[in-house]
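Dear colleague,

Please find below the structure that I am handing over to you. A short account of the findings follows it, and I would be grateful if you read the two side by side.

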Amino acid sequence: MIKDLTKTASKGISRRTILQGATALGGAAALSAMGARGAHAEPKKGGTLRLAMGHGNTSDSYDPATWDNAYVQVFATARHGYLTEIAADGSLVGEVAESWEASPDAKVWTLKLRDGVTFHSGKTVSAEDVIASLNHHRGEDSKSAAKPIVAPITDIKSDGPSTVVVTLENGNSDFPFILSDYHLPVMPAANGAIDPASNDGCGAYVVESYEPGVQATLKRNPNYWKSDRAHFDGVEILAILDSAARLNALVTGEADVIDRVDVNTAHMLSRSPNLKLLTTTGTQHYTFAMDTRAAPFNDNNVRQALKYAIDRQELVNKVLNGFGEVGNDHPIGRSNRFFAAELEQHTYDPDKAKHYLKQAGLDSLDVALSASDAAFTGSVDAGVLYSESAKAAGINIEIVREPNDGYWSNVWMKKPFCAVYWGGRPTEDWMFATAYASGVPWNDTYWENERFNKLLVEARSELDEEKRREMYFEMQNIVSNEGGTVIPMFASYVMAHSTAIATPEKVGANWTLDGFRAVERWWFA
């Protein structure tokens with residue numbers, strides 16, 4: 001079991017390291033070699049990896065502006081290169097960007113691109129491609145989920161074919177982290193724009209076929225610049241949303257690796273001599289999102305009542321089977337640098353819930369909660385437990401079981417109260433800017449808070465670490481006590497694989513499947 005990897009990593013990163021990136025080739029190679037030592041065998045080439053995932057929709061596409069689930073994120077990382085990469089230990093290393101340097105106020109960033117990186121089509125990666133790839137998410141007409149995180153960019157220009165200069169509206173010492181976002185692959189440009197329907201990338205694998213929501217097959221890129229990565233000859237990524245079917249595929253040998261293991265069977269699985277359970281704990285959290293524009297959720301007293309009406313520890317014990325920890329109604333995890341550990345923990349308290357209902361002028365409350373395993377495995381059970389605990393406070397929660405397929409299109413941000421999973425983000429600013437800032441596309445509670453929005457902008461450009469810490473602490477407090485999201489638990493990523501699969505000693509915890517990089521980092525033993 002691998003835990004708290006990002007805690008060590010994020011606290012070990014100095015501001016100087018971020019502002020002036022080291023040559024990444026050395027960093028990436030050293031990491032891989034380190035992981036290969038110890039108890040793990042030396043990586044070797046060969047074989048076809050069959051990865052079965054509990055994600056994927058028929059509406060998925062190649063357009064990076066639309067990516068919203070782990071299937072497309074893993075598929076994207078398999079075929080694309082990014083400017084920067086979050087390593088397995090949580091540190092930041094260069095990928096297509098060999099190095100980066102900031103102005104003293106962190107407003108102007110100069111990125112040096114690595115020589116000799118080519119797309120699968122043979123085209124050499126240039127500054128023009130990087131600029132077009134970032135611009136795809138910018139502008140008034142952009143519908144990209146990444147629009148909020150690139151919005152502070154006021155100018156992008158090239159300084160030669162291998163240098164990109166980015167100017168920000170305000171200083172942001174987290175900017176190199178942002179460039180690793182899965183929405184921001186480097187794609188080939190023509191006439192100043194990328195083709196969002198193209199599958200051409202500069203990553204480890206070349207696409208052979210893709211049927212959205214069903215499967216993708218890829219073969220190793222023979223010209224990939226990382227000689228110590230991409231060990232499989234080929235990769236098949238399957239979308240198997242049903243957790244029992246996914247587990248059966250692993251047990252019967254039809255898959256080599258699965259994610260989202262049903263935690264009710266996880267302990268039993270670990271006893272099989274031919275299978276191995278793998279868990280990582282980072283920033284992943286499960287939520288119940290309320291539309292704060294709609295009654296009764298537009299009253300913060302109602303939102304507070306619902307936060308005190310849930311037994312968080314019961315959900316961790318019974319839904320996660322202990323594979324996780326309680327949440328406190330804000331999205332910053334213990335592995336984050338500025339986690340507010342001293343913030344008062346919300347606990348199950350029916351009397352306090354009744355108090356808030358009374359403040360709202362209510363003696364009882366009737367609400368409907370939409371849930372599906374597409375949101376997170378066990379979300380319907382979590383809703384039932386929530387409903388049972390809430391009764392003591394006079395709150396009646398009707399659980400509405402929604403279909404898996406289409407959940408993210410038809411339920412999330414459509415129904416006023418629904419279950420959601422979030423992978424989290426490696427920095428506080430990134431997480432808040434993605435889902436809590438005013439008006440951003442993924443603000444799934446449609447929440448608006450003037451003080452929070454002001455702090456978000458100020459903290460981003462604040463260079464004093466202690467002042468920044470105070471700002472992020474206050475923001476966590478505001479979200480916890482005024483936000484529209486019930487966040488009862490942070491869940492471990494629970495995966496399983498055949499013993500024929502080998503992994504590095506360090507496995508990334510920032511996302512599932514080794515930070516979405518299992519396809520590139522793992523191999524057959």
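**Cysteines, cores and a helix pair**

Cysteine 418 counts as buried, because its relative accessibility is 1% and the cut-off for buried is under 20%. Please note that the model is a predicted one. Cysteine 202 has a relative accessible area of 2%, so this residue is buried by the same cut-off. A disulfide is a covalent bond between the sulfur atoms of two cysteines. A search for such bonds through the whole structure returns zero disulfides.

The next topic is the nonpolar interior. In soluble globular proteins, nonpolar side chains tend to be buried together. Here the largest nonpolar core holds 147 residues, and the members that touch the most others are Phe288, Leu306 and Ile395. Which helix gives the most to this core? That is helix 4 (residues 70–79), which supplies seven residues. Another core, of 17 residues, lies apart from the largest one and includes Ile240, Leu275, Leu277 and Phe323.

Finally, I draw your attention to one pair of helices. Helix 15 spans residues 428–435 and helix 16 spans residues 450–461; their axes come within 11 Å and cross at roughly 145°. This crossing is left-handed. On the side of helix 15, the contact is made by Asp429, Phe432 and Ala433, which meet Phe452, Leu456 and Arg460 of helix 16.

Yours sincerely,
A colleague

Terms used
Residues numbered from 1 in each chain as written. Predicted model: local features only at pLDDT ≥ 70, side-chain atom pairs only at ≥ 80, totals over all residues. Heavy atoms only, no water. Axes fitted to C-alpha atoms, helices over the stretch in contact; angles between N-to-C directions. Helix = DSSP H or I, 4+ residues; strand = E, 2+ residues; numbered from the N terminus. Left-handed = near helix turned anticlockwise from the far one by under 90°. Contact = heavy atoms within 4.5 Å. Core = buried A, V, L, I, M, F, W, Y, C linked by side-chain atoms within 4.5 Å. Buried < 20%, exposed > 50% of the residue type's maximum accessible area, 1.4 Å probe, protein only. Disulfide = S-S within 2.5 Å.
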